[in-house]
Amino acid sequence: MYINRNTKIMIAACVFLYLLAGVLRLLDMGLGLLPLKLAAISYIAHCVLCMLCLIYLNRDIPNNQSRKYLMLTIIFLFAWQIVGMFKDVLFPEEVAINRWLWYFYYVPMTFIPTTLFLAAQHSGLHNEQKINRAWYWTLAVSAALSLLVLTNDSHQMVFGFADGPQSFYLGHSYQGGFFLVMTWIFINFGMICFTLWNRIDVEKTRTYIWIVFVSIGLGGIYLLWRVTNYKVIPWLNDMYDVPQIFEGIIILAIELCVRMGVIRSNYNFLEFYTASTISSSLVDADGTVRYQTSGIIPSTREQRLESLNQNVYIDRDHRLSGRYIPGGYAFWTDDLSQFNELGQRLTESREQLEEENNLIKAENEIIARRSKADERNKIYDLMARSVSPELDAIEYLIRSASPDSPDFKDKLSRACIYKAYIKRYCNMMLLAQDSDELSSFELENSIRESMQYIELNGIECDYLKFGEGFYPAEALLLAYAIFDRTVVKAQNLETLTVELSANERALRLSVHLGGDGIYIDEKSLEEFDSRLEALGGSKKIRTEENIKNVRIDIPRNKKVGEAA
């Protein structure tokens, strides 16, 4: 496994300080009469070792929670060395403060396995991932056991003294509280091993993790030796006390977990970068590329520096991004080719859909125009059929009219009357296409225009109007058709009076034709009877002296009346 130069120097310095501290403590045991306390220098070396580990962890462990609890473990180790130095070097054994230092000695001993367990719980997780909050109760248990030790003077449930706490330096016995503390420590180390084993996914790493378990196990055996005062290796006891053994085992276990990838760090990415197919690189603080994948997309130094603040597009299909990490920078390139291809396809699809929509829109417009034209043609056909008798009459009159004939003027006058009728009747039919109801004003205008042409023949005309309203379009068309047929077919016509009465109940049209021997074709009016009957109307023809009266009544449709 590759280890960079800075890490090698850090590891070598830690090993040197650890061995130097042990040698100095061993010499202090053999040269105790010297004025210089070598044991104090030994403790200082252990403190420096802890500080180097803090720097190492703060720099190389990316997970915030895992780094926090690992650093907290080292801080407890540091505090343990300080308490040990004050207890063993600075104060005589029999002073009372030494007893309190002895109690405080067990505080870091109790908390260190707990903080290591919480660090193991966070191993392999991202910063956003959280562990089960129930595990934080382990800190409360450690705090309660530490408080039990610190208050031993009042209950002696941890250490027992024959002549009271003041005679602690003469000897002590272990009580149930002490074994409770030791049991908790061993339970924590057991949970650490179980957690690490479950967090490992690679079988190769499972094989090497036994090295960590063995080192932790040896530390537990050593702790049992010290509790029972059984010195298997006397010189080892002289070189290192319990805090120093714990320190060496814990730092070794942390380093082994980092090297095996159990605890994620900012180093040893060689295997990842060798196997990875993504475009990524790691660059140190000096800008030197330390690791990069085989599929790296080339980029300039300026592009990498710019990518730390914003995304940089190397080309159309590749986007460079960068982030600061402790000790350097991480850069990666996103392949946007598939997104661009998808975007191109979407653009083409959108354009195709727009073309299809335009075609559909144009087709719909053509269909609408065709439908409108068909409707218009239907209307024109209907109008042509409705006024076909009048059209035929006009054609006959024009063909038969001769300037030399005595009835030439009469025929032209009749043709004009037919023409006015056709124009006005077709106009009302067009209006009826937009509304089923028409104002009686339309019928009035139509009759007035026809009467203007009738007056050209020397016939005296008069028009009377009573009221105005809206009526079914069919009723107005029928009334106008009856008026036209009555007047056009009349013979010997001298006077014409028309009365139009429009009220809420009915529409009444009265046509009074006067003249000597006046005659109207009543049979030609009979063809309107069926239409009148359908509308609920009636027709009456009354003859007076030299006067013919034709009256039609069409009741107002109830629904139309309400709407009006």
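1. In this predicted model, asparagine 492 counts as partly exposed, because its relative accessibility is 47%, a value that falls between the limits of under 20% for buried and over 50% for exposed. Asparagine 492 sits in the loop that lies between helix H18 (473–488) and strand S11 (495–502), and although asparagine 492 is not a glycine, its phi is positive, at about 65 degrees. Most residues other than glycine have a negative phi.

2. Which residues touch the most other members of the largest nonpolar core? They are Ile74, Tyr106 and Phe159, in a core of 73 residues, to which helix H11 (residues 242–259) gives the most, with 11 residues. When neighbours within four places in sequence are left aside, isoleucine 74 is in contact with Cys50, Cys53, Leu54, Leu57, Ile251 and Ile254. Apart from this core lies another, of 55 residues, including Ile379, Ala393, Leu478 and Leu513. In soluble globular proteins, nonpolar side chains tend to be buried together.

3. A reader tracing the strands will find an open sheet of 5 strands, in the order S4-S3-S7-S6-S5, whose pairing is antiparallel. Strand S4 (289–292) and strand S5 (312–315) form the edges, each of them pairing on one side only, and neighbouring strands of the sheet are turned against each other by 25 degrees on average, direction ignored. Strand S3 (residues 279–284) runs antiparallel to S4 and is joined to it by 3 bridges; within this pair, valine 283 has valine 289 of S4 as its bridge partner.

4. Arginine 304, which belongs to helix H13 (residues 301–307), deserves a separate look. Is arginine 304 buried or exposed? Arginine 304 is buried, yet it has no salt bridge. The nearest side chain of opposite charge is that of glutamate 302, 7.5 Å away, whereas a salt bridge is counted within 4 Å. If residues up to four places away in sequence are not counted, arginine 304 touches Gly287, Ser299, Leu320 and Phe331.

Methods:
Residues numbered from 1 in each chain as written. Predicted model: local features only at pLDDT ≥ 70, side-chain atom pairs only at ≥ 80, totals over all residues. Heavy atoms only, no water. Pairing = 2+ DSSP bridges. Helix = DSSP H or I, 4+ residues; strand = E, 2+ residues; numbered from the N terminus. Axes fitted to C-alpha atoms, helices over the stretch in contact; angles between N-to-C directions. Buried < 20%, exposed > 50% of the residue type's maximum accessible area, 1.4 Å probe, protein only. Lys, Arg positive; Asp, Glu negative; His and termini not counted. Contact = heavy atoms within 4.5 Å. Core = buried A, V, L, I, M, F, W, Y, C linked by side-chain atoms within 4.5 Å.
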